[in-house]
Amino acid sequence: MEYELIDFKVRGDERGSLVALEGSSEIPFEIKRVYYIYGTKREVIRGRHSHRKLQQVIFCPQGSCDFILDDGKERQTIHLNRPNCGLYIKSNIWREFTNFSEDCVVMVLASEHYDEADYIRDYDEFKKEVK
Ligand code: TYD
């Protein structure tokens, strides 16, 4: 399974913690889009798609959730629960996210603007494309 966990540098002092993320530096691509998800019930399953081209770094600045990754051969669950740990995934990985804590905020940094044509939302079609 191709993915990477990136440990962000934390600049902490008695005032608290600060994490700074720059495109093409801490984040391995130029950031073209940021979106975030919150107020999601624990048992909800989001995602359920893959991308043809998009790269993303995903993290929980608050709370926790599970990321299920599937490359067509195997499935792996990654529990995101640290505000300074990012999950870097490239294209052609089916992803689902669930098990949201009540306070969970999922932040996504994306390499491209939103483009519905980049999505594969049908699992059988995804399996065909990654073969
Ligand atoms: P959706 O793809 O269902 O979100 P998720 O995969 O996280 O469950 O997106 C929900 C709606 O938001 C859908 O109508 C598409 C829209 N959307 C945008 O307009 N811009 C974006 O950057 C994203 C991620 C979604």
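This is a friendly conversation about a predicted model of a protein chain.

Visitor: What makes up the chain, going from the N terminus on?

Guide: The elements run β-β-β-β-β-β-β-β-β-β-β-β-α. In total there are 1 helix and 12 strands.

Visitor: Why are strand 5 and strand 10 called paired?

Guide: Pairing takes at least two bridges. Strand 5 (residues 46-51) and strand 10 (residues 94-98) are joined by 3 bridges, so they pass that cut-off. The two strands run antiparallel, and Gly47 stands opposite Glu96 in strand 10.

Visitor: Which sheet do they belong to, and what makes strand 8 and strand 12 its edges?

Guide: The open sheet has 5 strands in the order 8-7-10-5-12, with antiparallel pairing. Strand 8 (75-80) and strand 12 (119-120) each have a single partner strand, so one side of each is left without a neighbour in the sheet.

Visitor: What makes a group of residues a nonpolar core?

Guide: The residues must be buried, of a nonpolar kind such as Leu or Phe, and joined through side-chain atoms within 4.5 Å. The largest such core here has 16 residues, and among those with the most contacts inside it are Ile58, Phe67, Leu80 and Val106. Strands 6, 7, 8, 9 and 11 each supply at least two residues of this core, and strand 7 gives the most, with 3. Leaving aside neighbours within four places in sequence, Ile58 is in contact with residues including Phe67, Leu80, Leu87 and Val106. A second, separate core of 8 residues includes Ile6, Phe8, Phe59 and Leu109.

Visitor: Why is the link between Glu2 and Lys90 called a salt bridge?

Guide: The cut-off is 4 Å between a side-chain nitrogen of Lys or Arg and a carboxyl oxygen of Asp or Glu. In Glu2 and Lys90 the closest N and O atoms are 3.8 Å apart, so the pair qualifies. The pair links distant parts of the chain, with Glu2 in the segment before strand 1 and Lys90 in the loop between strand 9 and strand 10, 88 residues apart.

Visitor: Is Glu2 buried or exposed, and how do you know?

Guide: Exposed means over 50% relative accessible area. Glu2 has 59%, so Glu2 counts as exposed. Lys90, with 39%, lies between the limits of 20% and 50% and is therefore partly exposed.

Visitor: What can you say about the salt bridge of Arg15 and Asp13?

Guide: Their side chains meet at 2.7 Å, N to O, which is within the 4 Å limit. Arg15 is exposed, with a relative accessible area of 74%, while Asp13 is partly exposed at 34%.

Visitor: What does the salt bridge of Glu112 and Lys32 tie together?

Guide: The closest N and O atoms of Glu112 and Lys32 are 3.5 Å apart. Glu112 lies in the loop between strand 11 and strand 12, and Lys32 in the loop between strand 3 and strand 4, so the pair ties together parts that are 80 residues apart in sequence. Lys32, Lys53 and Glu112 are linked in a network of salt bridges.

Visitor: How many salt bridges does the structure hold?

Guide: The structure holds 10 salt bridges.

Technical notes: Residues are numbered from 1 along each chain as its sequence is written. This is a predicted model: local features need pLDDT of at least 70, side-chain atom pairs count only at pLDDT 80 or more; totals for chains, interfaces and linings use all residues. Side-chain values use heavy atoms; hydrogens and water are left out. Helices (H or I, at least four residues) and strands (E, at least two) are DSSP runs, numbered from the N terminus. Buried means under 20% relative accessible area, exposed over 50%, partly exposed in between (1.4 Å probe, protein chains only). Contact means heavy atoms within 4.5 Å.
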